[in-house]
Each structure stands twice: as structure tokens, then as C-alpha cells.
Amino acid sequence: MNITSQIKKPIQQEMELFEKKFYESMTSKVALLNRITYYIVNRKGKQMRPMFVFLTAKMLSDGHVNERTYRGASVIELIHTATLVHDDVVDDSNRRRGFFSINALWKNKIAVLVGDYLLSKGLLLSIDNGDFDLLRIISVAVREMSEGELLQIEKARRLDIVEEVYYEIIRKKTATLIASCCALGAKSVSKDEVQVEAMRKFGELIGMAFQIKDDLFDYTDDAIGKPTGIDIKEQKMTLPLIYALNNCSTHEKSWCINSIKNHNKDKKRVKEVIQFVKDKNGLRYAEQKMVQFQQEAIQILENFPQSEYREALSLMVNYVIERKK
């Protein structure tokens, strides 16, 4: 049994029912929209986000979930899907998880409108059921994700990111969504704000580790569906690169920044930058930081009673930093 199946095992029934409810939550009277949403549903990823929602809820409530839990999982997946559709338009990307993206098949205008539609369906699902506490959690996540993306764009222009700003970017851009999944799962079954905050923090720490792992993929030759050096070509400041730039001579720093700014399409130069980052121990440093976030997340889990749900969340934490793609 692979690790994803092991993680899903305690929530197998919930995930199957969730898929039906999720598809229903997307339906529309417009045939074109239904065709596109059917395409989206049939090309879903690992569904890590709903898994976080259900595992958190079941860990805090002795294995029980309710309709609010399902709605929380659907809302987060609707909003996550909307952001992916919009991201593909922004990045002018033609592929998503090995399949054609929505904008590649139906053009940018339709993709933007579909993203807007999914976002509004998510918001209405909460409003129509009076889940205003869940809506607040999700709305904060959407705001922070937008801020994180814009902060990254602003800083990429000048290539002057310090480590603290990098953490702020990835906290908002990536970690906030996983944090909101865990907070939603907790909030759907518990009124204990201390528990909700603990699980929100747990999700945030996993999200930080997840993004650093993604950064490390840029420097490996593993077949991960993400080309090596793509972050350098896109002038993204990742943790290994930031560390290398902070631990080199002035001459090396200006060579590296010049390479990223002016020679990022030159394959040989990109390879040289990758080697430079490796030589300066950028990868080792990023790995240490990733493990630090992972260990902090595990410590939070250990405050909860032992259960198959806690065990599955621990597996999830380890999967995040051991995954190959």
C-alpha cells in the first residue's frame, strides 16, 4: 500500500462521499460550465486539502464528521481549484498535472470566468448554510494568497529578498491554504478555539515545509513534472538561492544576480547558478529548515491523544518532505 492510500485509509468513506458532494457543488445551468467542471473533477490531484480537513475533524471528535465538515472540504477545494485555474492564466501555462490546462483548451477569457464562478460557488456554499465562521477562515486565506503572490512579484523585480521576507511570502502564498484546511476541519467539529488555533498552526508549518521541498526540486534532476532550474528562469528567489547569496563574496553575488536577471534563458548559465547554490550549501541549509518546520508540526500533533487519524496526519507530515514530486 503506497503512502497516499495509507493516509486515506481512515477517511476512505468520507473521501468517496466528498467527491460526490464536491461535484454537486460545482453544477450549473450552463452546459459549457458543466463540461469544464466535469473536466476539472476528472483530472483532480491527490486531494491533500480535503484530506487535511477530514483527518483533523476526525482526530478532534473521536472519528466523527458532520455536514459542516463536508462543506468546509468542498469550499476549500472550490477555492483552491479557482486559484489554480487563475494561476495557469497568469503564468500562461498550458499544462496542469500532465493534462491540458483550462486556458489551453478554452482560452483565457473562459478560464478567468470559470475561476470566478468556482470562487463564488465556494462563498455561496458557506453563506447559504450560515457557516460564517468557516467563511472567515477561507476569506483570510484568499486574501493572504493574493498578498503573497504580489509580494513575490514585487521582490522578484529587485532580487533583494532576505530570509524573513521569503518566509512571509511562502507563509501567505502556500502555507495559509493548508493552515485553513486544518482550521476548517477543527472548527467544523469543535468550539475550542485553542484546538482550532493549534491545528491552524500545524497546517501552516506543514505548508512551509511543503514549499521549501518544492524549492529544492528546482535543483534536482528527479522526474517531478517541474523542469530543473525553472524558478531561476522565472527569477523566483527560493531559500537555497537566498542562503547562497547571503554567504558568498560581493563579486560572486553580482555574478549570480546578473545571471538570474540577464541570462536566465541560457541553459549553461542556469546550470552554473544551480552548481553555485549547491557549492554554497544552499540545499543543505534549506533541507535543515524544512526538517525544522516538520519537527514543529509533529510536536503539535503529539499534544493530541493517539489515534489512527493522528497517525495519518503524522504520515502526511513525513510525506510532504519525502515526496518525489
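**Exercise 1. The surroundings of N258**

State which residues N258 touches, not counting residues up to four places away in sequence, and classify its accessibility.

*Solution.* Step 1: apart from residues up to four places away in sequence, N258 touches H263 and R269, where contact means heavy atoms within 4.5 Å. The structure is a predicted model, in which local features need pLDDT of at least 70 and side-chain atom pairs count only at pLDDT 80 or more, while totals for chains, interfaces and linings use all residues. Residues are numbered from 1 along each chain as its sequence is written, and side-chain values use heavy atoms, with hydrogens and water left out.

Step 1: N258 belongs to helix 12 (residues 250-262). Helices here are DSSP runs of H or I with at least four residues, strands are runs of E with at least two, and both are numbered from the N terminus.

Step 2: the relative accessibility of N258 is 29%, so this residue is partly exposed. The scale calls a residue buried under 20% relative accessible area, exposed over 50% and partly exposed in between (1.4 Å probe, protein chains only).

**Exercise 2. Helix 11 against helix 13**

Describe how helix 11 and helix 13 are arranged and which residues make their contact.

*Solution.* Step 1: two packed helices are described by the angle between their axes and the distance between the axes. Axes are lines fitted to C-alpha atoms, for helices over the stretch in contact, and angles run from 0 to 180 degrees between N-to-C directions.

Step 1: the axes of helix 11 (residues 239-246) and helix 13 (residues 267-279) come within 9 Å and cross at roughly 70°.

Step 2: helix 11 and helix 13 are therefore roughly perpendicular to each other. The classes are roughly parallel under 35 degrees, roughly antiparallel over 145, roughly perpendicular from 65 to 115, and oblique for the rest.

Step 3: helix 11 contributes P240, L241 and A244 to the contact, and helix 13 contributes V273, F276 and V277. These residues comprise six nonpolar, no polar and no charged. Ala, Val, Leu, Ile, Met, Phe, Trp, Tyr, Cys and Pro count as nonpolar, Asp, Glu, Lys and Arg as charged, and the others, Gly among them, as polar.

**Exercise 3. The nonpolar core**

How many residues does the largest nonpolar core have, and which have the most contacts inside it?

*Solution.* Step 1: a nonpolar core is a set of buried Ala, Val, Leu, Ile, Met, Phe, Trp, Tyr and Cys residues joined through side-chain atoms within 4.5 Å.

Step 1: the largest such core has 96 residues, and those with the most contacts inside it are F52, M199, F202, I212 and L241. Helix 8 (residues 163-189) gives the most to this core, with 12 residues.

Step 2: beyond its neighbours within four places in sequence, M199 is in contact with T56, M59, L60, C182, A186, L301, F304 and L313.

**Exercise 4. Cysteines**

*Solution.* Step 1: a disulfide is a covalent bond between the sulfur atoms of two cysteines. The criterion is a pair of cysteine sulfur atoms within 2.5 Å.

Step 1: the structure holds zero disulfides. From the sulfur of C181 to the closest cysteine sulfur, in C182, the distance is 6.4 Å, which is too far for a bond. C181 is buried, because its relative accessibility is 0%.

Step 2: C256 is likewise in no disulfide, the nearest cysteine sulfur, that of C248, being 6.9 Å away. C256 has 0% relative accessibility and is buried.

**Exercise 5. Positive phi in loops**

Locate D62 and N281, and give the phi value of each.

*Solution.* Step 1: D62 is in the loop between helix 4 (48-60) and helix 5 (67-90). Its phi is near 55°, a positive value in a residue other than glycine, and D62 is exposed at 73% relative accessibility.

Step 1: N281 lies in the loop between helix 13 and helix 14 (282-301). N281 is not a glycine, yet has a positive phi of about 65°; at 34% relative accessible area, N281 is partly exposed.
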